Amino acid sequence: MKSLEMGCWESFKRKHKMEIVRWIEEQAQEKGIILEDDTEILFNFQHAEKKIFFGKEAIDETIGYAAKLKRGSTRGSCRRERKIFNAA
């Protein structure tokens, strides 16, 4: 299972076991969120404590994760390019 799952509720329901689906439905109910098929969700399996984000919050968190990944991958490539440039 992936450590980070993002997408719409309809596809998430089809992919995952009923126990996770029920847990997410309970979390949405506690937060007062009505889950519709096109509701964006982000489910984070990375931590010992499961985290779930819904709607706009899910989109914001997804952007944050993507930015972290981008920063991490570009740092390495810039260093390699500098070494090649300085060697010439």
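Visitor: Before we start, what should I know about the model and its numbering?

Guide: Welcome! This is a predicted model, where local features need pLDDT of at least 70 and side-chain atom pairs count only at pLDDT 80 or more, while totals for chains, interfaces and linings use all residues. Residues are numbered from 1 along each chain as its sequence is written, and side-chain values use heavy atoms, with hydrogens and water left out.

Visitor: Which elements make up the secondary structure of the protein, and how do they run from the N terminus?

Guide: Helices (H or I, at least four residues) and strands (E, at least two) are DSSP runs, numbered from the N terminus. Here there are three helices and three strands, in the order β-α-α-β-β-α.

Visitor: How do I read burial, and what share of the residues in the protein is buried?

Guide: A residue is buried under 20% relative accessible area, exposed over 50%, and partly exposed in between (1.4 Å probe, protein chains only). Of the 88 residues in this protein, 24% are buried. For the protein as a whole, the accessible surface (Shrake-Rupley method, 1.4 Å probe; for residues, only the protein chains shown count as cover) is about 6,700 Å², and 52% of that belongs to carbon and sulfur atoms.

Visitor: Is Ile41 buried or exposed?

Guide: Ile41, in strand 2, is buried, with a relative accessible area of 1%. A contact means heavy atoms within 4.5 Å. Setting aside neighbours within four places in sequence, Ile41 has contacts that include Trp9, Phe12, Ile52, Phe53 and Ala58. The C-alpha atoms of Ile41 and Phe53 are 5.6 Å apart, although the two are twelve residues apart in sequence.

Visitor: Which residues does Gln27 touch?

Guide: Gln27 sits in helix 2 and counts as buried at 18% relative accessibility. Beyond residues up to four places away in sequence, Gln27 touches Ile52 and Phe54. On the scale of the protein, 49% of the contacts with a separation of 6 or more are between residues 24 or more positions apart.

Visitor: How many salt bridges does a search of the whole structure find?

Guide: The general idea is that side chains of opposite charge can pair when their charged atoms come close. A salt bridge is a side-chain nitrogen of Lys or Arg within 4 Å of a carboxyl oxygen of Asp or Glu. The search finds two. One of them joins Asp37 and Lys13, at 3.3 Å from N to O. Asp37 lies in the loop between helix 2 (18-31) and strand 2 (40-44) and Lys13 in helix 1 (residues 9-15), so the pair ties together parts that are 24 residues apart in sequence. Asp37 is partly exposed at 39%, and Lys13 is partly exposed at 33%.

Visitor: Where do Lys56 and Asp60 lie?

Guide: Both are in helix 3 (residues 55-87), four residues apart, about one turn of the helix. Lys56 and Asp60 form a salt bridge, with their closest N and O atoms 3.0 Å apart. Lys56 is exposed at 62% relative accessibility, whereas Asp60 is partly exposed at 39%.

Visitor: Which residues form the negative surface patch?

Guide: Patches are made of residues with over 30% relative accessible area and no salt bridge; like charges are joined within 9 Å, and nonpolar side chains (Val, Leu, Ile, Met, Phe, Trp, Tyr) within 5 Å. Lys and Arg count as positive and Asp and Glu as negative, with His and the chain ends not counted. A charge is placed at NZ of Lys, CZ of Arg, CG of Asp or CD of Glu. Here Glu10, Glu36, Asp38 and Glu40 form the negative patch. Glu40 lies in strand 2 and is partly exposed, at 33%.
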